[in-house]
Amino acid sequence: MGEISLSELEARANAAGIDLSQIDLDSIQLPPGDDFGIISDDEDVYQEEQLDFDYGLGNTIVVDNLPVVPKEKFSKLEVVIRKIYSQIGVIKEDGFWMPVDPETHKTLRYCFIEYNTPQEAELAKEKTNGYKLDRAHVFAVNMIEDFNRFMKVPDEWAPPEIRPYVPGENLQKWLTDEKARDQFVIRASSDTEVFWNDARHLKPDPVYKRAYWTESFVQWSPLGTYLATVHRQGVAVWGGASTFNQLMRYAHPQVKLIDFSPGEKYLVTYSSHEPSNPRDVNVCFFFSAPCIVVSLLFHGTGTNVLFPPQRIVINIFDVRTGKVMRDFKGNADEFAIGGTGGVAGVSWPVFKWGGGKDDKYFAKIGKNMISVYETESFSLLDKKSLKAESVVDFSWSPTDPILAFYVPELGGGNQPARVSLVQIPIKEELRQKNLFSVSDCKLYWQSSGDYLAVKVDRYTKTKKSTYTGFELFRIKERDIPIEVLELDNKNDKIIAFAWEPKGHRFAVIHGDSPRPDVSFYSMRTAHNTGRVSKLTTLKGKQANALFWSPSGRYIILAGLKGFNGQLEFYNVDELETMATAEHFTATDIEWDPTGRYVATLVTSVHHEMENGFNIWSFNGKLLYRILKDHFFQFLWRPRPPSLLSPEKEEEIAKNLKKYSKKYEAEDQDVSLQLSEQDREKRRMLKDEWEKWVSEWKRLHEEEKLQRQMLRDGETSDEEEEYEAKEVEVEELLDVSEEVLSFEFGQE
């Protein structure tokens, strides 16, 4: 059988009536070394970087510097080594081999150990390299695959080949679109497609389409430069001036989650692997971002507990070079919220990036500490973590190297909860607020880093219920003043909270479903006295989510999922509703990065019917609707920050009419074009109708003799020449007989 491409395979499947999207490709097992001529999209990965992805010996380690023992002590040494290495993972049957010198019949100082999985072998190398068996024997452990790399190192040094400079593609060329359109990517069935949002022509304009482009999901980088695809072997990023070319690959087998740094300099990849030893537990995985939780059912107890036993591997890559800058490995409880002994489950992202777009710092939470790393050396800042007893949550300012964290009450309430702000890298505490009778806290940064809202759930005096208030930090003001905000009815349940991007307002959904209230507040007042003020409260809204426009001013009050997709487009400047609409069973809402358009989605993750997306204008006008079966993802391509100064943006806003004349003329041309298209469509429909009428007239003429024969020789087809007569026809429908009783003497 000759080699066939994936497109040819799809064509053959279609011809045979086979739906490839309904086939579980992971369950298909091919004979080792045989691909049946089917070329993989990642064939070049295996050919060029076979050493990175060849699992043939990836689960085998070599342990060196063992004692040299005679044949009679061989078994004893084997028992000792097996005892050490079986604690890390399951050694395969016949997976231990310790060579013996054929002349002296003594061991040769090393052995080979084969595990069930490469992850166990890697962990064994990490844990036992440098292990002291005794004073004279310190283990040196290597992966057997490493020797292949060592053997390829030339004996003599040669200078690297100097390649001529080749200018790269302009990866931001899409930003120069003459029509100022935005792009979005969708995943439906096996296809991944990139489109322009051509709102003027009321349709998407195709850019690039590829089947089986990713094996899991796709993700834009934060500034829109790259599109990342996820595969079993690792991650690939794509981009280009006119199409999507593969720019770099990052090897990470069985990767599940990814995250870019805000400035796109680094890529973080995550994988988790369950242990191969199934002793005493049945493991059931429940996986969905942002939290990975593992449930174990212990034999004999019937107790369902949350405890993550997986092996976690996290790599941080340089996006441009593909080099691994730092890796982190360990059990899931080492990366759990609060560290070992903390809350079960691994929160994603494990590492949070700080310092704005410079990508200088990243941090993770641990047991009684926050570990802050700097990217110059990818080591701990000042070689030690920030101490914070029982810390459960932290968050970076979006623009500055300021870290906020929350510590709950300790000592049965004797030590209050607190929220602290710390300046990095000097680790100076800028502000601290003690909080009493606290049940829980959530941190919400405003996108410009001007404000921090802390939602505080407090116990009532009876400890039987809770109520909610807000602590509002003014970060950019002197001494960081704090205001306390309580709702008019402090017992109202808080359903949603959202800051206005680049603004000073925030919105809160509060009250009881199905018709809670929505309140708007401002951190400024008419007299600019620095006090928070309520702007308005909208009563009884069918909403459970808030979606501000990226440019501020406009917001969508949305009732998603159980609220059947109710939408209210609201102008916060004018405090008025612009439009109300519905996208039945909508599951998600995504604003485009400019705030001009918004997409409402129904994904097959939540609903099997009416999958697809609607595109709306900012003021609630439905522009177009696209239905897609097996619809999984919709993502707008992010835009980098504007290069214009605030003064220039203000000048453009003041002279908008002058700048808008050009675009108004273009809009008018498009409108005329659409009108011409509508006229052409109507003309085509009219021509089609006239053609149909002409055809029936021709048939009518051909059948004239037959009609004359049926009318006994009458030649006229004119109805008015005939006399209409009414004829009554009686028809017997049913006959029934019934025997009636008759007594003697009755008449």
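Analyst: We go feature by feature, and the model is a predicted one.

User: Start with the sheet. What is the order of the strands in the open sheet of four strands?

Analyst: The general idea comes first. Strands of a sheet pair through backbone hydrogen bonds, either parallel or antiparallel. Here the order is E39-E40-E41-E42, and the pairing is antiparallel.

User: Which strands stand at the edges?

Analyst: Strand E39 (545–548) and strand E42 (576–582) do. Each has a single partner strand, so one side of each is left without a neighbour in the sheet. From one strand to the next, the twist averages 20 degrees.

User: How many bridges join strand E41 to E42?

Analyst: Six, with E41 covering residues 566–571 and the two strands running antiparallel. For a residue pair to inspect, take Leu-567, which stands opposite Ala-581 in E42.

User: Now the surface. Which residues form the nonpolar patch?

Analyst: Trp-689, Trp-692 and Trp-696. Together they have about 410 Å² of accessible area. Trp-696 lies in helix H8, residues 656–702.

User: Why is Trp-696 called partly exposed?

Analyst: Partly exposed lies between the cut-offs of under 20% for buried and over 50% for exposed. Trp-696 has a relative accessible area of 47%, so it is partly exposed.

User: Are Cys-111 and Cys-441 buried or exposed?

Analyst: Cys-111 counts as buried, at 0% relative accessibility. Cys-441 also counts as buried, at 3%.

Definitions and conventions:
Residues numbered from 1 in each chain as written. Predicted model: local features only at pLDDT ≥ 70, side-chain atom pairs only at ≥ 80, totals over all residues. Heavy atoms only, no water. Patch = residues over 30% accessible without salt bridge, like charges linked within 9 Å, V, L, I, M, F, W, Y side chains within 5 Å. Areas by Shrake-Rupley, 256 points an atom, 1.4 Å probe, with all protein chains shown as cover. Salt bridge = Lys/Arg side-chain N within 4 Å of Asp/Glu carboxyl O. Buried < 20%, exposed > 50% of the residue type's maximum accessible area, 1.4 Å probe, protein only. Pairing = 2+ DSSP bridges. Axes fitted to C-alpha atoms, helices over the stretch in contact; angles between N-to-C directions.
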